[in-house]
Amino acid sequence: MTDGLKSQREPLEEDGLLFGCVLDGEGGASLVNWAEVEAWSQTGPALWIHLDRDSERVQTWLKHESNLTGPTVEALLAEETRPRVFRGKRGFVTILRGVNTNPDEDPTDMIAMRMWSDGHRVITIRQQRLLTPRDILRQLIETETGPTTAAQLYERLIHRITERMAEVLASVDNRLFQIEENIDIALASEQRRQLSALRQEGAALRRYISPQKEALTNILIEPPSWFDDESRLRLRETTDRVVRYVEEIDAARERAMVIKDDIANQLAEATNKTLYILAIISGIFLPLSFFTGLLGINIGGMPAVDNDSAFWIFCILMLVVLAGELAIFRRLGWL
């Protein structure tokens, strides 16, 4: 591979421009730099630029050179975001959240991806590293099997950010299954702690996935005019998948509660069984303790004090009483 070809296939970050590319309309793309981005014309091929929100160059460009309206720029640069969509004067804004698949990070710490497009140009902005744009860029640059239009690119980004959630949700479901299959009273404390952690993960995921479902539904209800029929159909499938994710999260949280109740019930059953055994033992030895206590008092008049066989007679009497108690308990169904 020559140095020129290598430079075309490996984007270098340039002052807030994480990468930029021009679609060739056949599934591939060529990388561009800031100068080419600024020289791009709407009459040319579709342009995609991926920007770093924290870059001063990016903020200046968006506010003064991008030709975006003030409300649109404000939405794209907002510090805190929730999944939403809105139709701006010059384009369509979609803000979504994706699971954090970066190494050593919590997947439920969902990362925002801000997107804008007018059907000719697609702008994506990130504050933290998100792998979804790189997945699509890899399709365009390495395999040349990527989107061919801005509409398809917009839809592919939404689809991919949704697709990456599946692995995290499957992990939650698998961990629930493992706990359910291996409920052990001896590990009850640890398993209940794991269930609480899983419920918290589910709540954290649902916090953003649920409004994401509503956002995608709003796009389906009133899609941008530049969306083609194929993009609408694929977006509908993606929306159905998000709806299923929300249902799976709710089902997982309910399963966690049921499993937690099962563990509590088994603990209660084990405790009751122990108490029952202790009660039976106490019932058996209560009369025996009464007799031994009565005959063990040190006062005058105790019978058989001078009889050498008195101890053995008393032991036999205790065995008879014990046998009688066992027979009565068995008849009553207590044993």
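Trainee: Before we look at Arg126, what does buried mean here?
Mentor: Buried means under 20% relative accessible area, whereas exposed means over 50% and partly exposed covers what lies in between. Keep in mind that this is a predicted model.

Trainee: So is Arg126 buried or exposed?
Mentor: Arg126 has a relative accessible area of 12%, and because buried means under 20%, Arg126 counts as buried.

Trainee: Where is Arg126 found, and what is it in contact with?
Mentor: Arg126 is found in strand S7, which covers residues 121-126, and, once neighbours within four places in sequence are left aside, its contacts are Leu18, His50, Leu51, Asp52, Arg53 and Ala112.

Trainee: Changing topic, which residues have the most contacts inside the largest nonpolar core?
Mentor: That core has 44 residues, and those with the most contacts inside it are Cys21, Trp48, Leu140, Leu157, Ile158, Leu205 and Ile209. Helix H6 (residues 150-163) gives the most to this core, with 7 residues. Apart from it lies another core, of 23 residues, including Leu17, Ile49, Trp61 and Val73.

Trainee: And what does Leu157 touch?
Mentor: Not counting residues up to four places away in sequence, Leu157 touches Trp48, Met113, Met115, Val122, Thr124, Thr132, Pro133 and Ile136.

Trainee: What about the surface, which residues make the nonpolar patch?
Mentor: Leu275, Tyr276, Ile277, Leu278, Ile281, Phe285, Ile328, Leu332 and Trp334 make a nonpolar surface patch of about 900 Å², and helix H9 (residues 229-295) supplies the largest share of that patch, 6 residues.

Trainee: Where does Trp334 lie, and how does it count for accessibility?
Mentor: Trp334 lies in the segment after helix H10 (310-331), and its relative accessibility is 42%, so Trp334 counts as partly exposed.

Conventions: Residues numbered from 1 in each chain as written. Predicted model: local features only at pLDDT ≥ 70, side-chain atom pairs only at ≥ 80, totals over all residues. Heavy atoms only, no water. Helix = DSSP H or I, 4+ residues; strand = E, 2+ residues; numbered from the N terminus. Buried < 20%, exposed > 50% of the residue type's maximum accessible area, 1.4 Å probe, protein only. Contact = heavy atoms within 4.5 Å. Patch = residues over 30% accessible without salt bridge, like charges linked within 9 Å, V, L, I, M, F, W, Y side chains within 5 Å. Areas by Shrake-Rupley, 256 points an atom, 1.4 Å probe, with all protein chains shown as cover. Salt bridge = Lys/Arg side-chain N within 4 Å of Asp/Glu carboxyl O. Core = buried A, V, L, I, M, F, W, Y, C linked by side-chain atoms within 4.5 Å.
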